[in-house]
Amino acid sequence: MPQPTAAAPQHRAVVLGAGIGGLTAAVALHRRGWTVTVLERAADLAPVGAGIGLAPNALRALDVLGLGDRVRALAAWQGDGGMRTPDGRWLARTDARAAAARFGDPLVLLHRATLVEILASALPAGTVRTAAPAALAHPGDPRTPARITTPDGTLEAELAVAADGIRSAARTVLFPGHPGPRYSGCTTWRLVVPAPARPFAPHETWGAGRLWGTQPLKDGRIYAYAMAAAPAGAHAPDDERAELLRLFGDWHHPVPEILAAADPARVLRHDVHHLVDPLPAHHRGRTALLGDAAHAMMPSLGQGGNQAVEDAVVLAHHARVPAAFDPDRDLAAYTADRLPRTTALVRKAARTGALTLVTARPAVALRDALVRTVSRLGPGFVLRGFDGIADWRPPAAPDPDPARVS
Ligand SMILES: Cc1cc2nc3c(=O)[nH]c(=O)nc-3n(C[C@H](O)[C@H](O)[C@H](O)COP(=O)(O)OP(=O)(O)OC[C@H]3O[C@@H](n4cnc5c(N)ncnc54)[C@H](O)[C@@H]3O)c2cc1C
């Protein structure tokens with residue numbers, strides 16, 4: 001008489017959101033042997049945004065996934081540049097060689113679409129479902145899988161990953177009492193344009209209550225970003241290029257040239273919100289939160305995306321090979337690794353942001369004098385601000401190839 005067979009163990013991971021965090025988590029979990037589905041509400045994967053800077057900490061996390069060198073190959077040598085005042089005087093010179101020597105890697109600035117392409121290409125075809133808005137119906141517990149509803153029906157998962165960004169609806173399901181993101185007091189603009197005719201040095205320029213950065217991309221274009229104190233929800237009465245001209249049009253070269261080349265329709269503007277109130281945990285039941293859903297921060301350290309990449313690799317490290325996954329133990333370990341680090345970074349990014357946005361003349365003079373003094377002590381002193389951030393190392397040796405994971 002045939003014996004009843006036990007149901008085969010399921011190793012399903014469902015990721016909500018195909019931003020940088022969700023895609024990195026999908027690659028990392030796939031390499032661990034999970035059967036991964038990514039649900040993205042947008043109709044395609046083309047990301048909003050222009051450039052993104054990946055620091056040595058994220059590059060090392062990408063090494064775990066075998067992708068670090070593809071990103072390193074896109075580094076446009078940042079060479080000598082630094083921080084300036086709006087009239088062009090140098091506040092501090094930075095040296096990419098010194099940074100690479102201190103942290104073991106360069107800062108790589110690349111187009112977001114390129115990063116998304118690199119991550120998506122490391123996933124089996126059909127892993128990512130677009131035009132698939134998803135809702136976390138139940139976070140799961142040690143005995144029952146998590147449940148995720150989509151327009152096509154409900155999915156069950158032994159591991160759910162909420163990577164649905166700063167406005168995360170999954171976060172509200174997990175922590176309904178949390179106040180959510182708060183407005184940081186500033187707004188940002190981003191644009192990508194052809195390189196200006198006259199040469200320029202990469203720079204970040206700090207004025208009173210506003211800043212502008214210009215950085216080269218490997219493909220010859222340049223990525224520029226700007227930030228200014230502004231009330232929440234404000235928009236230019238005409239267009240955002242006109243607003244940038246009013247705020248930055250008389251700043252040093254290459255800012256006016258970049259603005260002259262910019263297409264008003266392609267200037268992105270976003271208000272900056274952040275999660276200044278830390279969450280009690282980065283998981284509940286069988287669901288882990290990561291990226292901006294867990295710890296959205298001001299862009300002043302350029303670490304939001306970098307931290308999402310770190311989260312993803314650390315989560316997959318704790319989630320182990322799926323047959324050994326214990327949600328209580330492994331997701332608690334994930335929270336213990338990630339919550340203190342990201343909470344500290346949200347706070348540090350807010351302090352740095354506040355410094356760049358001071359408006360009172362004496363405070364601006366004091367800030368600039370401080371930066372000048374520190375920079376005279378050598379590039380090492382400026383770079384010290386990134387100690388503990390850029391020197392982070394992932395917890396595991398490179399993952400085994402999925403074909404060899406049993
Ligand atoms: C001006 C500016 C400059 C920045 N520069 C840098 C930088 O240089 N370096 C850096 O590391 N970081 C930078 N950041 C921060 C970085 O952009 C974010 O931290 C990062 O994109 C967060 O990635 P994520 O995957 O967590 O979230 P997101 O990129 O927001 O992705 C979330 C995804 O989830 C999807 N989604 C949402 N809800 C649902 C749903 N219900 N169902 C299905 N899908 C859903 C969304 O469509 C989206 O695709 C910058 C931010 C700003 C504003």
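Helix α2, residues 56-64, is mostly covered, with eight of its nine residues buried. This comes from a predicted model. The buried positions are P56, N57, A58, L59, R60, A61, L62 and V64. Their cover includes β3, α3 (68-72), α4 (96-103), β6 (108-111) and α10. After α2 comes G66, with a positive phi near 75°.

**Confidence**

The protein chain has an average pLDDT of 91. Of the residues, 93% score at least 70.

| Residues | pLDDT | Contacts beyond four places in sequence |
|---|---|---|
| 401-406 | under 50 | seven |

**Around the ligand**

The shell around the ligand holds 34 residues, and G17, G19, G165, G291 and G304 come nearest. Which elements each supply at least two residues of this shell? They are α1 (20-31), β3 (51-54), β12 (182-194), β16 (268-274), α9 (292-295) and α10 (304-319). Helix α10 gives the most, with four residues. By class, the shell has 15 nonpolar, 14 polar and five charged residues.

**The nonpolar core**

In soluble globular proteins, nonpolar side chains tend to be buried together. Here the largest nonpolar core has 107 residues. Those that touch the most other members are V15, L16, A25, V161, L290 and L315. Helix α10 gives the most to this core, with eight residues.

Leaving aside neighbours within four places in sequence, L16 is in contact with L39, A134, L136, I148, V161, A162, A163, D164 and A170. One of these partners, V161, is also among the core residues that touch the most other members.

**Sheet and hairpin**

Six strands make an open sheet with mixed pairing, in the order β7-β2-β1-β11-β18-β17. Its edge strands are β7 (128-129) and β17 (283-284), and each pairs on one side only. Strand β17 runs antiparallel to β18 (residues 287-289), and two bridges join them. R284 has T287 of β18 as its bridge partner.

Strands β4 (residues 80-84) and β5 (residues 90-95) also pair in the antiparallel sense, over five bridges. G82 stands opposite R93 in β5. The two strands form a hairpin with five residues between them. In its turn, G88 has a positive phi of about 105°.

**I389**

I389 sits in the segment after α13 (379-383). Is I389 buried or exposed? It is buried, because 20 other C-beta atoms lie within 10 Å, and 20 or more is the cut-off for that label. Not counting residues up to four places away in sequence, I389 touches N57, L301, Q303 and L345. Of these, N57 is one of the buried residues of α2. I389 and D141 are 248 residues apart in sequence, and their C-alpha atoms are 33 Å apart in space.

Notes
Residues are numbered from 1 along each chain as its sequence is written. This is a predicted model: local features need pLDDT of at least 70, side-chain atom pairs count only at pLDDT 80 or more; totals for chains, interfaces and linings use all residues. A residue is near a molecule or strand if its C-beta atom, placed from the backbone, lies within 6 Å of it. Ala, Val, Leu, Ile, Met, Phe, Trp, Tyr, Cys and Pro count as nonpolar, Asp, Glu, Lys and Arg as charged, and the others, Gly among them, as polar. A nonpolar core is a set of buried Ala, Val, Leu, Ile, Met, Phe, Trp, Tyr and Cys residues joined through C-beta atoms within 7 Å. A residue is buried if 20 or more other C-beta atoms lie within 10 Å of its own, exposed if 12 or fewer, and partly exposed in between; C-beta atoms are placed from the backbone. Two residues are in contact if their C-beta atoms, placed from the backbone, lie within 7 Å. pLDDT is the predictor's confidence in each residue, from 0 to 100. Two strands pair if DSSP finds at least two bridges between them.
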